[in-house]
Amino acid sequence: MSITPGASSNAVPADGSRRDFLVRVARGALAGAAVAIGGDVAAQPGPAPLPRATEAVTPFRVMTSSAAISDARRRLQATRWPERQTVDDWQQGVPLATIQKLVAYWRSAYDWRRLERRLNAYPQFRTGIDGLGIHFLHVRSRHEQARPIILTHGWPGSIVEFLNIIGPLTDPTQHGGQPEDAFHVVLPSLPGFGFSDKPTGSGWGLPRIARAWSVLMRRLGYTDYLAQGGDWGAGVTTWMAKQHVEGLAAIHLNLPILFPPPLEGEPNQAEKATIAQLIAFNDKKSAYAKIQATRPQTIGYALADSPAGQAAWIYEKLGEWTDSNYEPEREISRDEMLDNISLYWLTNTAASSARLYYESFATDFSTQRLDLPVAVSIFPGELFLPPRLWGERVYSRLFYWNEAARGGHFAAFEQPAVFVEELRAAFRALPRGG
(Lines give C-alpha, C1' and ligand atoms only; values in the text may rest on other atoms or scores of the structure.)
Protein backbone atom coordinates (compact mmCIF):
# COMPACT_ATOMS: atom_id res chain seq x y z
CA MET A 1 0.00 0.00 0.00
CA SER A 2 3.01 2.30 -0.08
CA ILE A 3 3.78 4.82 -2.79
CA THR A 4 7.39 5.60 -3.70
CA PRO A 5 8.01 9.23 -4.67
CA GLY A 6 9.95 9.91 -7.81
CA ALA A 7 13.40 11.58 -7.73
CA SER A 8 14.09 15.06 -9.07
CA SER A 9 17.27 16.96 -9.97
CA ASN A 10 17.92 20.61 -10.76
CA ALA A 11 20.88 21.49 -12.98
CA VAL A 12 22.39 25.00 -12.78
CA PRO A 13 23.62 26.32 -16.16
CA ALA A 14 27.19 27.54 -16.37
CA ASP A 15 26.45 30.89 -17.96
CA GLY A 16 24.85 34.01 -16.51
CA SER A 17 25.78 36.56 -13.85
CA ARG A 18 26.66 35.77 -10.23
CA ARG A 19 23.24 37.16 -9.18
CA ASP A 20 21.46 34.90 -11.68
CA PHE A 21 23.51 31.98 -10.47
CA LEU A 22 22.58 32.57 -6.82
CA VAL A 23 18.92 33.05 -7.69
CA ARG A 24 18.90 29.79 -9.57
CA VAL A 25 20.62 27.98 -6.70
CA ALA A 26 18.00 29.37 -4.28
CA ARG A 27 15.17 28.35 -6.55
CA GLY A 28 16.68 24.88 -6.81
CA ALA A 29 16.95 24.60 -3.04
CA LEU A 30 13.32 25.64 -2.64
CA ALA A 31 12.25 23.21 -5.31
CA GLY A 32 14.21 20.47 -3.58
CA ALA A 33 12.54 21.31 -0.28
CA ALA A 34 9.16 21.15 -1.96
CA VAL A 35 9.98 17.76 -3.44
CA ALA A 36 11.17 16.51 -0.05
CA ILE A 37 8.01 17.69 1.68
CA GLY A 38 5.83 16.23 -1.02
CA GLY A 39 7.84 13.03 -0.91
CA ASP A 40 7.23 12.65 2.82
CA VAL A 41 3.51 12.89 2.21
CA ALA A 42 3.61 10.50 -0.72
CA ALA A 43 5.68 7.99 1.24
CA GLN A 44 2.96 7.53 3.84
CA PRO A 45 1.57 4.00 3.40
CA GLY A 46 -1.89 4.16 1.89
CA PRO A 47 -4.45 1.80 0.42
CA ALA A 48 -3.27 -0.40 -2.42
CA PRO A 49 -4.73 0.83 -5.72
CA LEU A 50 -7.80 -1.19 -6.60
CA PRO A 51 -7.64 -3.00 -9.95
CA ARG A 52 -9.57 -1.27 -12.69
CA ALA A 53 -13.03 -2.82 -12.98
CA THR A 54 -14.79 -3.62 -16.24
CA GLU A 55 -18.14 -5.27 -16.85
CA ALA A 56 -16.39 -8.60 -16.48
CA VAL A 57 -16.80 -10.30 -13.11
CA THR A 58 -13.14 -10.48 -12.08
CA PRO A 59 -11.75 -12.48 -9.14
CA PHE A 60 -10.31 -10.34 -6.36
CA ARG A 61 -8.00 -10.98 -3.41
CA VAL A 62 -7.22 -8.76 -0.44
CA MET A 63 -3.52 -7.92 -0.31
CA THR A 64 -2.29 -5.50 2.33
CA SER A 65 1.30 -4.31 2.60
CA SER A 66 3.23 -4.82 5.81
CA ALA A 67 4.09 -1.13 5.65
CA ALA A 68 0.41 -0.16 5.96
CA ILE A 69 -0.03 -2.38 9.00
CA SER A 70 3.15 -1.05 10.61
CA ASP A 71 2.06 2.51 9.91
CA ALA A 72 -1.23 1.90 11.72
CA ARG A 73 0.63 0.59 14.77
CA ARG A 74 3.01 3.55 14.70
CA ARG A 75 0.11 6.00 14.60
CA LEU A 76 -1.69 4.16 17.39
CA GLN A 77 1.43 4.33 19.54
CA ALA A 78 1.69 8.08 18.92
CA THR A 79 -1.96 8.84 19.76
CA ARG A 80 -2.44 12.11 21.63
CA TRP A 81 -5.32 11.58 24.03
CA PRO A 82 -7.69 14.21 25.40
CA GLU A 83 -8.45 14.43 29.08
CA ARG A 84 -10.94 12.14 30.73
CA GLN A 85 -14.66 12.86 30.28
CA THR A 86 -16.36 14.77 33.12
CA VAL A 87 -19.12 12.17 33.59
CA ASP A 88 -19.03 8.50 34.57
CA ASP A 89 -20.92 7.07 31.60
CA TRP A 90 -21.23 7.39 27.81
CA GLN A 91 -23.14 10.70 27.78
CA GLN A 92 -20.16 12.55 26.28
CA GLY A 93 -19.05 9.67 24.05
CA VAL A 94 -16.80 6.65 24.53
CA PRO A 95 -15.10 6.84 27.96
CA LEU A 96 -11.36 7.46 27.76
CA ALA A 97 -10.29 4.29 29.60
CA THR A 98 -12.54 2.16 27.41
CA ILE A 99 -11.18 3.37 24.08
CA GLN A 100 -7.60 3.28 25.37
CA LYS A 101 -7.98 -0.44 26.11
CA LEU A 102 -9.30 -1.09 22.60
CA VAL A 103 -6.50 0.91 20.97
CA ALA A 104 -3.85 -0.85 23.07
CA TYR A 105 -5.19 -4.20 21.93
CA TRP A 106 -5.32 -3.06 18.30
CA ARG A 107 -1.72 -1.90 18.48
CA SER A 108 -0.23 -4.90 20.27
CA ALA A 109 -2.37 -8.00 19.75
CA TYR A 110 -4.79 -7.65 16.82
CA ASP A 111 -3.93 -9.60 13.64
CA TRP A 112 -5.29 -8.16 10.38
CA ARG A 113 -3.81 -11.05 8.43
CA ARG A 114 -6.34 -13.35 10.09
CA LEU A 115 -9.21 -11.42 8.47
CA GLU A 116 -7.32 -11.15 5.20
CA ARG A 117 -7.02 -14.95 5.09
CA ARG A 118 -10.66 -15.37 6.00
CA LEU A 119 -11.86 -13.03 3.25
CA ASN A 120 -9.59 -14.64 0.68
CA ALA A 121 -11.05 -18.05 1.53
CA TYR A 122 -14.35 -16.87 -0.01
CA PRO A 123 -14.96 -16.22 -3.70
CA GLN A 124 -14.48 -12.44 -4.06
CA PHE A 125 -14.93 -10.37 -7.17
CA ARG A 126 -15.07 -6.86 -8.59
CA THR A 127 -17.14 -5.68 -11.52
CA GLY A 128 -17.79 -2.28 -13.08
CA ILE A 129 -21.34 -0.94 -12.78
CA ASP A 130 -22.31 2.55 -13.91
CA GLY A 131 -18.66 3.61 -13.97
CA LEU A 132 -17.79 2.31 -10.52
CA GLY A 133 -15.94 -0.83 -9.45
CA ILE A 134 -18.07 -2.85 -7.01
CA HIS A 135 -16.53 -5.45 -4.71
CA PHE A 136 -18.57 -8.41 -3.54
CA LEU A 137 -18.50 -11.92 -2.15
CA HIS A 138 -20.51 -14.53 -4.04
CA VAL A 139 -20.92 -17.83 -2.23
CA ARG A 140 -23.16 -20.41 -3.90
CA SER A 141 -24.94 -23.17 -2.00
CA ARG A 142 -24.55 -26.83 -2.91
CA HIS A 143 -28.32 -27.25 -2.58
CA GLU A 144 -30.14 -27.13 -5.90
CA GLN A 145 -33.22 -25.38 -4.52
CA ALA A 146 -31.20 -22.55 -2.93
CA ARG A 147 -32.63 -19.06 -3.41
CA PRO A 148 -30.31 -16.19 -4.36
CA ILE A 149 -30.18 -13.38 -1.82
CA ILE A 150 -28.25 -10.09 -1.81
CA LEU A 151 -27.48 -8.74 1.67
CA THR A 152 -26.43 -5.11 2.09
CA HIS A 153 -24.52 -3.69 5.04
CA GLY A 154 -24.72 -0.18 6.48
CA TRP A 155 -22.53 2.31 8.35
CA PRO A 156 -20.39 1.84 10.35
CA GLY A 157 -20.60 -1.72 9.14
CA SER A 158 -19.21 -3.69 6.23
CA ILE A 159 -19.24 -7.14 4.74
CA VAL A 160 -17.52 -8.22 7.97
CA GLU A 161 -20.95 -8.08 9.65
CA PHE A 162 -22.16 -11.02 7.58
CA LEU A 163 -19.19 -13.39 7.63
CA ASN A 164 -20.58 -15.56 10.43
CA ILE A 165 -23.86 -16.17 8.60
CA ILE A 166 -22.46 -17.27 5.24
CA GLY A 167 -22.06 -20.89 6.31
CA PRO A 168 -25.54 -21.26 7.85
CA LEU A 169 -27.19 -19.60 4.87
CA THR A 170 -25.38 -21.51 2.15
CA ASP A 171 -25.13 -24.87 3.93
CA PRO A 172 -28.13 -25.06 6.27
CA THR A 173 -28.02 -28.84 6.79
CA GLN A 174 -24.69 -28.38 8.57
CA HIS A 175 -26.12 -25.60 10.74
CA GLY A 176 -29.46 -26.82 12.05
CA GLY A 177 -31.57 -26.11 8.98
CA GLN A 178 -33.18 -27.92 6.09
CA PRO A 179 -32.19 -28.00 2.40
CA GLU A 180 -35.10 -25.66 1.60
CA ASP A 181 -33.46 -23.05 3.87
CA ALA A 182 -30.48 -22.71 1.53
CA PHE A 183 -29.41 -19.46 -0.14
CA HIS A 184 -26.88 -18.42 -2.72
CA VAL A 185 -25.30 -15.42 -0.95
CA VAL A 186 -24.16 -12.17 -2.58
CA LEU A 187 -22.47 -9.64 -0.28
CA PRO A 188 -21.51 -6.35 -1.98
CA SER A 189 -19.51 -3.53 -0.45
CA LEU A 190 -21.37 -0.24 -0.78
CA PRO A 191 -19.77 2.41 -3.05
CA GLY A 192 -17.11 4.21 -1.04
CA PHE A 193 -16.84 1.34 1.45
CA GLY A 194 -14.23 -1.40 1.71
CA PHE A 195 -12.90 -2.61 -1.62
CA SER A 196 -15.52 -0.94 -3.81
CA ASP A 197 -14.48 2.19 -5.68
CA LYS A 198 -15.01 5.61 -4.15
CA PRO A 199 -17.37 7.82 -6.17
CA THR A 200 -15.54 10.83 -7.58
CA GLY A 201 -18.73 12.81 -8.17
CA SER A 202 -22.04 13.27 -6.44
CA GLY A 203 -25.13 11.24 -7.23
CA TRP A 204 -24.41 7.85 -5.66
CA GLY A 205 -27.40 7.79 -3.34
CA LEU A 206 -29.73 4.95 -2.42
CA PRO A 207 -31.80 4.85 -5.65
CA ARG A 208 -28.67 4.60 -7.79
CA ILE A 209 -27.14 1.90 -5.59
CA ALA A 210 -30.43 -0.03 -5.75
CA ARG A 211 -30.25 0.02 -9.55
CA ALA A 212 -26.60 -1.06 -9.42
CA TRP A 213 -27.48 -4.06 -7.26
CA SER A 214 -30.10 -5.04 -9.84
CA VAL A 215 -27.42 -4.96 -12.53
CA LEU A 216 -25.12 -7.03 -10.32
CA MET A 217 -27.70 -9.76 -9.75
CA ARG A 218 -28.55 -9.95 -13.46
CA ARG A 219 -24.86 -10.11 -14.27
CA LEU A 220 -24.52 -13.08 -11.94
CA GLY A 221 -27.36 -14.79 -13.79
CA TYR A 222 -30.09 -14.40 -11.19
CA THR A 223 -33.55 -13.64 -12.55
CA ASP A 224 -35.52 -14.37 -9.37
CA TYR A 225 -33.95 -13.37 -6.06
CA LEU A 226 -34.40 -11.89 -2.58
CA ALA A 227 -32.83 -8.87 -0.89
CA GLN A 228 -32.06 -8.07 2.74
CA GLY A 229 -30.69 -5.11 4.66
CA GLY A 230 -30.45 -3.09 7.83
CA ASP A 231 -29.24 0.51 8.32
CA TRP A 232 -28.13 1.81 4.88
CA GLY A 233 -28.72 -1.72 3.64
CA ALA A 234 -32.38 -1.30 4.57
CA GLY A 235 -32.40 1.88 2.52
CA VAL A 236 -30.90 0.20 -0.54
CA THR A 237 -33.22 -2.79 -0.18
CA THR A 238 -36.26 -0.55 0.25
CA TRP A 239 -35.39 1.34 -2.92
CA MET A 240 -34.92 -1.91 -4.82
CA ALA A 241 -38.51 -2.78 -3.90
CA LYS A 242 -39.72 0.77 -4.56
CA GLN A 243 -38.26 0.67 -8.06
CA HIS A 244 -39.47 -2.88 -8.73
CA VAL A 245 -36.01 -3.78 -9.99
CA GLU A 246 -36.02 -6.70 -12.37
CA GLY A 247 -36.01 -10.12 -10.71
CA LEU A 248 -36.63 -9.00 -7.12
CA ALA A 249 -39.25 -11.28 -5.53
CA ALA A 250 -39.32 -10.11 -1.89
CA ILE A 251 -37.30 -8.27 0.74
CA HIS A 252 -36.41 -8.63 4.42
CA LEU A 253 -35.58 -5.63 6.63
CA ASN A 254 -34.15 -5.55 10.13
CA LEU A 255 -34.54 -1.77 10.25
CA PRO A 256 -37.83 -0.91 8.55
CA ILE A 257 -37.69 2.74 7.51
CA LEU A 258 -40.91 3.94 9.10
CA PHE A 259 -40.15 7.53 9.98
CA PRO A 260 -41.57 10.06 10.15
CA PRO A 261 -44.26 7.81 11.68
CA PRO A 262 -47.18 6.84 9.41
CA LEU A 263 -49.79 8.12 11.86
CA GLU A 264 -53.54 7.97 11.42
CA GLY A 265 -55.43 9.90 14.06
CA GLU A 266 -54.37 9.96 17.70
CA PRO A 267 -51.40 7.59 18.28
CA ASN A 268 -51.90 4.73 20.71
CA GLN A 269 -49.55 4.01 23.61
CA ALA A 270 -47.22 1.80 21.56
CA GLU A 271 -46.96 4.46 18.88
CA LYS A 272 -46.27 7.15 21.49
CA ALA A 273 -43.45 5.07 22.95
CA THR A 274 -41.84 4.68 19.52
CA ILE A 275 -42.21 8.38 18.75
CA ALA A 276 -40.45 9.14 22.05
CA GLN A 277 -37.58 6.85 20.97
CA LEU A 278 -37.25 8.67 17.66
CA ILE A 279 -37.24 12.07 19.35
CA ALA A 280 -34.63 10.96 21.89
CA PHE A 281 -32.40 9.60 19.13
CA ASN A 282 -32.68 12.81 17.13
CA ASP A 283 -31.97 15.00 20.15
CA LYS A 284 -29.15 13.05 21.81
CA LYS A 285 -27.58 10.49 19.48
CA SER A 286 -27.73 11.76 15.91
CA ALA A 287 -24.81 14.22 15.86
CA TYR A 288 -22.65 11.77 13.87
CA ALA A 289 -25.28 11.61 11.11
CA LYS A 290 -25.70 15.38 10.91
CA ILE A 291 -21.94 15.84 10.66
CA GLN A 292 -21.56 13.18 7.96
CA ALA A 293 -24.61 14.46 6.09
CA THR A 294 -23.34 18.04 5.99
CA ARG A 295 -19.53 17.95 6.40
CA PRO A 296 -18.24 14.52 5.37
CA GLN A 297 -15.05 15.99 3.96
CA THR A 298 -14.11 17.81 7.16
CA ILE A 299 -14.65 14.87 9.48
CA GLY A 300 -12.81 12.77 6.93
CA TYR A 301 -9.55 14.64 7.52
CA ALA A 302 -9.52 13.71 11.20
CA LEU A 303 -10.58 10.10 10.70
CA ALA A 304 -8.19 9.49 7.80
CA ASP A 305 -5.28 10.75 9.89
CA SER A 306 -5.94 9.03 13.22
CA PRO A 307 -6.66 5.32 13.60
CA ALA A 308 -7.55 5.96 17.25
CA GLY A 309 -10.09 8.53 16.09
CA GLN A 310 -11.49 6.10 13.52
CA ALA A 311 -11.75 3.42 16.19
CA ALA A 312 -13.62 5.70 18.59
CA TRP A 313 -15.97 6.94 15.86
CA ILE A 314 -17.06 3.38 15.07
CA TYR A 315 -16.75 1.78 18.52
CA GLU A 316 -19.15 4.35 19.97
CA LYS A 317 -21.88 3.02 17.70
CA LEU A 318 -21.05 -0.59 18.57
CA GLY A 319 -21.49 0.36 22.22
CA GLU A 320 -24.68 2.37 21.80
CA TRP A 321 -26.47 0.29 19.14
CA THR A 322 -25.82 -3.29 20.26
CA ASP A 323 -28.08 -5.06 22.72
CA SER A 324 -25.24 -4.97 25.25
CA ASN A 325 -25.77 -2.10 27.71
CA TYR A 326 -22.64 -0.33 26.43
CA GLU A 327 -20.50 -3.48 26.64
CA PRO A 328 -20.30 -4.54 22.99
CA GLU A 329 -17.59 -7.13 23.76
CA ARG A 330 -20.35 -9.18 25.37
CA GLU A 331 -21.90 -9.70 21.92
CA ILE A 332 -19.08 -9.17 19.40
CA SER A 333 -15.49 -10.20 19.99
CA ARG A 334 -12.86 -7.50 20.18
CA ASP A 335 -11.10 -9.04 17.17
CA GLU A 336 -14.28 -8.94 15.08
CA MET A 337 -14.93 -5.31 16.00
CA LEU A 338 -11.36 -4.47 15.00
CA ASP A 339 -11.80 -6.42 11.75
CA ASN A 340 -14.50 -3.92 10.83
CA ILE A 341 -12.61 -0.87 12.14
CA SER A 342 -9.39 -1.94 10.42
CA LEU A 343 -11.21 -2.40 7.13
CA TYR A 344 -12.24 1.26 7.27
CA TRP A 345 -8.73 2.35 8.26
CA LEU A 346 -6.70 0.30 5.79
CA THR A 347 -8.94 1.26 2.86
CA ASN A 348 -9.04 4.93 3.95
CA THR A 349 -12.82 5.06 3.52
CA ALA A 350 -13.88 7.29 6.43
CA ALA A 351 -14.72 10.23 4.18
CA SER A 352 -16.06 8.25 1.22
CA SER A 353 -18.38 6.19 3.42
CA ALA A 354 -19.58 9.31 5.23
CA ARG A 355 -20.61 10.85 1.90
CA LEU A 356 -23.51 8.43 1.63
CA TYR A 357 -25.10 10.51 4.40
CA TYR A 358 -24.54 13.63 2.31
CA GLU A 359 -26.16 11.93 -0.68
CA SER A 360 -29.22 10.33 0.92
CA PHE A 361 -29.74 10.88 4.64
CA ALA A 362 -32.11 13.84 4.38
CA THR A 363 -33.86 12.65 1.22
CA ASP A 364 -33.86 8.98 0.24
CA PHE A 365 -33.58 7.42 3.72
CA SER A 366 -37.28 7.90 4.27
CA THR A 367 -40.58 6.03 4.41
CA GLN A 368 -41.51 4.50 1.07
CA ARG A 369 -44.79 2.75 0.40
CA LEU A 370 -44.03 -0.69 -1.02
CA ASP A 371 -46.22 -3.18 -2.83
CA LEU A 372 -43.68 -5.99 -3.12
CA PRO A 373 -43.69 -8.72 -0.43
CA VAL A 374 -41.95 -7.41 2.70
CA ALA A 375 -40.71 -9.28 5.79
CA VAL A 376 -39.56 -7.47 8.93
CA SER A 377 -37.60 -8.61 11.98
CA ILE A 378 -37.42 -6.25 14.96
CA PHE A 379 -34.47 -6.69 17.32
CA PRO A 380 -34.87 -5.39 20.91
CA GLY A 381 -31.66 -3.34 20.96
CA GLU A 382 -32.51 -1.45 17.76
CA LEU A 383 -32.45 2.36 17.61
CA PHE A 384 -36.24 2.43 17.71
CA LEU A 385 -38.95 -0.23 17.86
CA PRO A 386 -41.77 0.49 15.43
CA PRO A 387 -45.13 -1.20 16.00
CA ARG A 388 -46.43 -3.65 13.41
CA LEU A 389 -49.30 -1.25 12.76
CA TRP A 390 -46.90 1.13 11.04
CA GLY A 391 -45.58 -1.64 8.81
CA GLU A 392 -49.09 -2.61 7.81
CA ARG A 393 -49.85 0.99 6.84
CA VAL A 394 -46.80 1.27 4.57
CA TYR A 395 -46.15 -2.25 3.24
CA SER A 396 -49.27 -3.48 1.47
CA ARG A 397 -47.86 -7.00 1.15
CA LEU A 398 -46.33 -7.43 4.59
CA PHE A 399 -46.11 -11.21 4.99
CA TYR A 400 -43.87 -11.54 8.08
CA TRP A 401 -43.28 -9.44 11.21
CA ASN A 402 -41.52 -10.77 14.26
CA GLU A 403 -39.83 -9.41 17.36
CA ALA A 404 -36.62 -11.32 18.06
CA ALA A 405 -35.56 -12.23 21.58
CA ARG A 406 -32.03 -10.82 21.39
CA GLY A 407 -29.94 -8.51 19.24
CA GLY A 408 -29.62 -4.90 18.23
CA HIS A 409 -28.81 -2.71 15.27
CA PHE A 410 -25.97 -4.96 14.05
CA ALA A 411 -28.21 -8.01 14.16
CA ALA A 412 -26.20 -10.39 11.95
CA PHE A 413 -22.95 -9.33 13.63
CA GLU A 414 -24.01 -9.68 17.26
CA GLN A 415 -26.57 -12.49 17.03
CA PRO A 416 -25.81 -14.49 13.86
CA ALA A 417 -27.83 -17.56 14.91
CA VAL A 418 -30.92 -15.46 15.72
CA PHE A 419 -30.52 -13.49 12.50
CA VAL A 420 -30.25 -16.65 10.39
CA GLU A 421 -33.36 -18.13 11.99
CA GLU A 422 -35.25 -14.89 11.28
CA LEU A 423 -34.31 -15.07 7.60
CA ARG A 424 -35.26 -18.73 7.42
CA ALA A 425 -38.60 -18.18 9.15
CA ALA A 426 -39.40 -15.13 7.03
CA PHE A 427 -38.76 -16.72 3.66
CA ARG A 428 -40.38 -20.01 4.65
CA ALA A 429 -43.53 -17.90 4.95
CA LEU A 430 -43.09 -16.66 1.38
CA PRO A 431 -44.53 -19.03 -1.21
CA ARG A 432 -42.18 -19.99 -4.01
CA GLY A 433 -42.65 -17.44 -6.76
CA GLY A 434 -43.56 -14.71 -4.24
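Select E392 and R388 to begin: they form a salt bridge (a side-chain nitrogen of Lys or Arg within 4 Å of a carboxyl oxygen of Asp or Glu), with the closest N and O atoms 3.1 Å apart. Both residues sit in helix α14 (residues 388–394), four residues apart, about one turn of the helix. Helices (H or I, at least four residues) and strands (E, at least two) are DSSP runs, numbered from the N terminus. This is a predicted model, in which local features need pLDDT of at least 70, side-chain atom pairs count only at pLDDT 80 or more, and totals for chains, interfaces and linings use all residues. Residues are numbered from 1 along each chain as its sequence is written, and side-chain values use heavy atoms, leaving out hydrogens and water.

Next, pick R428 and D181, another salt bridge, with N and O atoms 2.9 Å apart at the closest. This pair links distant parts of the chain: R428 is in helix α16 (residues 416–428) and D181 in the loop between α5 and β5, 247 residues apart. D181 is buried at 2% relative accessibility, while R428 is partly exposed at 46%; buried means under 20% relative accessible area, exposed over 50%, partly exposed in between (1.4 Å probe, protein chains only).

Now move on to strand β5 (residues 183–188), where six of six residues are buried. One side carries F183, V185 and L187, and the other H184, V186 and P188. Colour its neighbours too: β3 (residues 132–139) pairs with β5 in the antiparallel sense over four bridges, while β4 (residues 147–152) runs parallel to β5, also joined by four bridges. Strands pair if DSSP finds at least two bridges between them.
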